[in-house]
Amino acid sequence: MTQHVELKRTLSLTQITFYGLGTILGAGIYVLVGKVAGDAGMYAPVSFVVAAVLAVLTGLSYAELCARYPKSAGVAFYTHQGFGRQHLSVTAGFLIILTGLVSAATLVNGFVGYLQVFVAAPDWIVITLLVLALGALAAWGIDESVFAASAITLIEVGGLLLILFVAGGSLADLPARLPELIPPLDASAWHGVLLGTFLAFYAFIGFEDMVNVAEEVKRPERNLPRAILIAIGVSTLLYLLVSLVAVLALPPAELSQTRAPLALIYERTTGSAPTLISVISLFAVVNGALVQIIMGSRVFYGMSREGWLHRALGHVHVRTRTPLLATALVTALVLVLALWLPLVTLAKATSFIILIVFAIINLALARIKLRVSRPDGVRTYPMWVPVAGFLTTIALVLFQLASWLGV
């Protein structure tokens with residue numbers, strides 16, 4: 001008889017907060033702040049603020065859902081509770097897995113950009129070795145993976161604080177240059193802001209990953225919602241400050257041309273080689289990719305345990321207490337995508353998919369609130385929160401579609 005092994009419930013509030021914060025910070029600001037400036041120009045900080053509003057609305061919906069249903073299947077389970085349709089639940093689960101795959105591939109490409117500060121190695125070799133190493137770490141164990149992610153998160157925060165320290169002098173010009181940073185009520189200006197928002201939204205991706213390790217968190221109904229909101233709040237503050245410093249320190253057109261934007265800011269403001277910030281950036285990008293691989297494997301695991309996928313994907317190894325086959329599958333798919341598509345294409349694809357998922361999740365919560373009474377011990381939010389989350393995410397999806405179609 002096959003031994004039934006459960007995931008290991010070991011993560012505290014501090015650990016799950018660092019886990020989420022690490023993937024949020026690694027997901028965008030180190031790689032894409034220059035590309036956001038390329039779309040939005042001096043209004044890049046506004047793009048990050050608009051993206052933060054969208055993230056907060058959906059983050060509140062996730063906070064309520066994960067307290068109601070602390071399951072590793074995350075999005076798939078929430079969708080099932082909201083709509084009661086297995087095919088829609090499986091589709092939502094696959095969409096969130098695809099988001100993790102494409103996001104991890106994006107970050108691996110970002111790693112190559114910062115590595116080139118030190119060595120000109122062939123992209124495909126770097127990508128292959130990095131993805132395989134991350135897959136091995138994710139398979140090793142959740143304690144080991146989250147310990148590594150938490151340690152790197154401290155380094156990530158330190159890197160952003162370093163940029164604020166060396167380039168923070170530009171903030172002294174903020175009162176005089178404030179008119180440059182406020183977009184006029186002009187369609188062309190806001191078109192650029194919203195294009196930047198679509199890309200900046202990628203930088204907030206990560207909080208949704210946190211719910212997929214719910215079965216490995218202590219007291220998830222209390223700790224997970226708190227961790228999600230703390231992670232979004234801290235990342236929003238850091239993003240606003242760093243994006244302000246970036247556009248005040250360097251012309252947006254110059255920022256948009258580099259694959260290592262924070263390294264360029266460091267080099268121009270200090271006159272020194274960007275060795276330290278480049279090393280930190282490498283760690284940040286690796287951290288984001290690691291968490292995405294863990295997330296994808298846990299969604300496969302959760303969907304398998306619900307009986308929606310082959311049971312082999314739900315098998316947990318008795319020693320590592322991790323789903324090895326699911327982790328191997330995610331690692332292989334990330335490798336294919338990372339070798340196949342360029343960075344900005346991957347980032348835009350991630351944002352597009354995750355916005356669709358967020359729309360589904362907000363609508364699912366609205367339906368749940370109409371049909372299910374408030375459970376004891378669970379903090380809930382007003383109905384306008386998921387409704388506003390649904391409308392704003394759908395609006396940004398439609399805007400980006402119109403932009404791609406040239407409408």
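Across the whole structure, a search finds 5 salt bridges. The term stands for a side-chain nitrogen of Lys or Arg within 4 Å of a carboxyl oxygen of Asp or Glu. Side chains of opposite charge can pair when their charged atoms come close. Before we visit some of them, please keep in mind that this is a predicted model, in which local features need pLDDT of at least 70 and side-chain atom pairs count only at pLDDT 80 or more, while totals for chains, interfaces and linings use all residues. Residues are numbered from 1 along each chain as its sequence is written, and side-chain values use heavy atoms, with hydrogens and water left out.

Let us start with E64 and R68, whose side chains meet in a salt bridge at 3.0 Å, N to O. Both belong to helix α3, 4 residues apart, or about one turn of the helix. Helices here are DSSP runs (H or I, at least four residues; strands are E, at least two), numbered from the N terminus. An α-helix has 3.6 residues a turn, so residues three or four places apart point the same way. Are E64 and R68 buried or exposed? Both are buried, where buried means under 20% relative accessible area, exposed over 50%, and partly exposed in between (1.4 Å probe, protein chains only). Together with K369, E64 and R68 are linked in a network of salt bridges.

A second pair to look for is R177 with E180, whose side chains also form a salt bridge at 3.0 Å, N to O. They sit 3 residues apart in helix α8 (residues 174-181), so about one helical turn separates them. R177 is partly exposed because its relative accessible area is 21%, and E180 counts as partly exposed at 36%.

Now find E254 and R268, which form a salt bridge with their closest N and O atoms 2.2 Å apart. This pair links distant parts of the chain, with E254 in helix α12 (residues 252-255) and R268 in helix α13 (residues 261-270), 14 residues apart. Both partners are partly exposed: E254 has a relative accessible area of 26%, and R268 one of 46%.

From charges we turn to rings. The structure holds 9 aromatic pairs, meaning rings of Phe, Tyr and Trp (its six-membered ring) whose centres lie within 6.5 Å; planes under 30 degrees apart count as stacked, over 60 as edge-to-face and the rest as tilted. Why is the pair of Y62 and F207 edge-to-face? Their ring centres are 5.6 Å apart and their planes stand at 85°, so the pair falls in that class. It joins distant parts of the chain, Y62 being in helix α3 (residues 44-68) and F207 in helix α10 (residues 207-210), 145 residues apart. Y62 is buried at 0% relative accessible area, and F207 is buried at 1%. Ring pairs also link Y62 and F207 with Y78, F201 and F358 into a cluster.

Next, follow helix α5 (residues 86-115), whose 30 residues reach 43 Å from first C-alpha to last, close to the expected 44 Å. That expected span is 1.5 Å times one less than the number of residues. Helix α5 is mostly covered, with 23 of its 30 residues buried.

Finally, the loop between α5 and α6 (123-140) holds V119, which is partly exposed at 41% relative accessibility.
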